[in-house]
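Let's take a walk through this structure together. Have the 3D view open as you read.

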Amino acid sequence: MSAHLIVGPGALGRLVGLSLAKAGRVTLVGRRPLPTEQTLITPAGEALTLSVPTLTLDRLPPLAPDVVHLTTKAYAAEAAHAAIATRLAPGTPLVLWQNGFGCQSRLSERHDGPVLCATTTEGAWLAGDDRVVHAGHGATRLGDLANRHLPLARSLAATLTAAGLATEAEPDIRTRLWQKLAVNAAINPLVARFRIRNGQLRDRPFRPMVEAVIEEVATIMAAEGIAPPEGEGIAGWRTLVWQVVAGTAANRASMLQDVLAGRPTEREAILGPLLTAARRHGIEAPRLAELERTGPDDRH
């Protein structure tokens with residue numbers, strides 16, 4: 001039975017942790033104590049209550065997990081890794097679940113064991129300190145940036161799939177991270193700005209806003225040589241974004257959850273790489289720039 005350490009028990013962290021806890025040993029590590037009894041609400045409405053040990057970052061003993069899942073926000077990932085790195089056995093595999101594309105390359109160089117990057121469209125939100133709602137099934141891809149650890153990715157993908165999170169090993173995770181970045185850019189800033197659930201993006205006045213972002217993202221991705229997973233050009237990006245919106249229609253996107261909770265958002269991690277690429281290629285991206293400039297607290 002594998003032992004999994006979940007560092008950053010927010011919505012995604014608890015979804016991953018409680019899913020794995022159904023058949024493995026899981027410990028949650030956060031900035032503050034959490035109740036040991038945790039409940040996972042499935043997309044079908046079933047409530048599964050599990051007993052999961054919890055620790056805090058400031059009181060960590062030496063740790064010996066088989067796998068560490070870093071599920072913090074992107075802006076907190078490197079500090080969280082620094083807090084646990086010296087307490088881990090050498091060579092412990094690390095899985096990064098962050099949005100955006102920045103800390104993944106830095107931590108892949110810094111960590112002394114295999115580093116896998118995960119990109120997921122699973123939807124989840126917190127309903128309290130002891131409850132997480134799995135709002136919609138999605139798909140997860142898992143691999144390392146240099147494609148040196150595909151057997152490990154396949155093994156962990158099988159474990160996650162058996163836990164109810166459909167996962168595939170991915171030899172080109174870099175491209176998948178860019179594709180997820182495109183989806184996040186089209187969904188997260190808008191739902192956070194207007195305080196709506198993902199599914200409401202399908203309605204006016206939000207749908208034209210999404211389409212405008214998709215157009216800019218498609219142009220940037222073409223310049224970067226990144227193709228959508230299905231279809232070609234802008235049609236492929238439209239298909240990808242609207243599939244995710246439909247699959248997570250009832251979900252509160254992570255950026256909206258942060259805004260409602262008064263936490264910092266991952267706006268820079270999501271929009272920053274796209275705007276940097278746009279500048280590198282001389283591409284105008286006024287809608288993305290506006291979303292980056294105004295932020296979720298300025299809705300006018």
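**Strands, helices and pockets**

Strands β9 and β10 (residues 131-136) pair in the antiparallel sense, joined over four bridges. You can find one of these contacts by looking for Trp-125, whose bridge partner in β10 is Val-133. Keep in mind that this is a predicted model.

Now zoom out to the sheet around that pair. It is an open sheet of four strands with mixed pairing, in the order β4-β3-β10-β9. At its edges sit β4 (47-51) and β9 (123-126), each pairing on one side only. From one strand to the next, the twist averages 25 degrees.

Of its 49 lining residues, Gly-10, Ala-11, Leu-12, Thr-71 and Lys-73 lie nearest the centre. Helix α5 gives the largest share of the lining, five residues. By class, the lining has 18 nonpolar, 20 polar and 11 charged residues.

Elements giving two or more residues here are β8, β11 (140-143), α5 and α7 (233-247).

Finally, turn to two helices, α6 (residues 206-224) and α9 (residues 267-280), whose axes come within 10 Å and cross at roughly 65 degrees. Their crossing is left-handed. Where they meet, α6 brings Val-217, Ile-220, Met-221 and Glu-224, while α9 brings Leu-274, Ala-277, Ala-278 and Arg-280. That contact has six nonpolar, no polar and two charged residues.

Note on methods: Residues numbered from 1 in each chain as written. Predicted model: local features only at pLDDT ≥ 70, side-chain atom pairs only at ≥ 80, totals over all residues. Heavy atoms only, no water. Axes fitted to C-alpha atoms, helices over the stretch in contact; angles between N-to-C directions. Left-handed = near helix turned anticlockwise from the far one by under 90°. Contact = heavy atoms within 4.5 Å. Nonpolar A, V, L, I, M, F, W, Y, C, P; charged D, E, K, R; others polar. Pairing = 2+ DSSP bridges. 1 Å grid on protein atoms, 1.4 Å probe; cavity = no way out; pocket = protein on both sides within 12 Å on 5 of 7 lines; lining within 4 Å.
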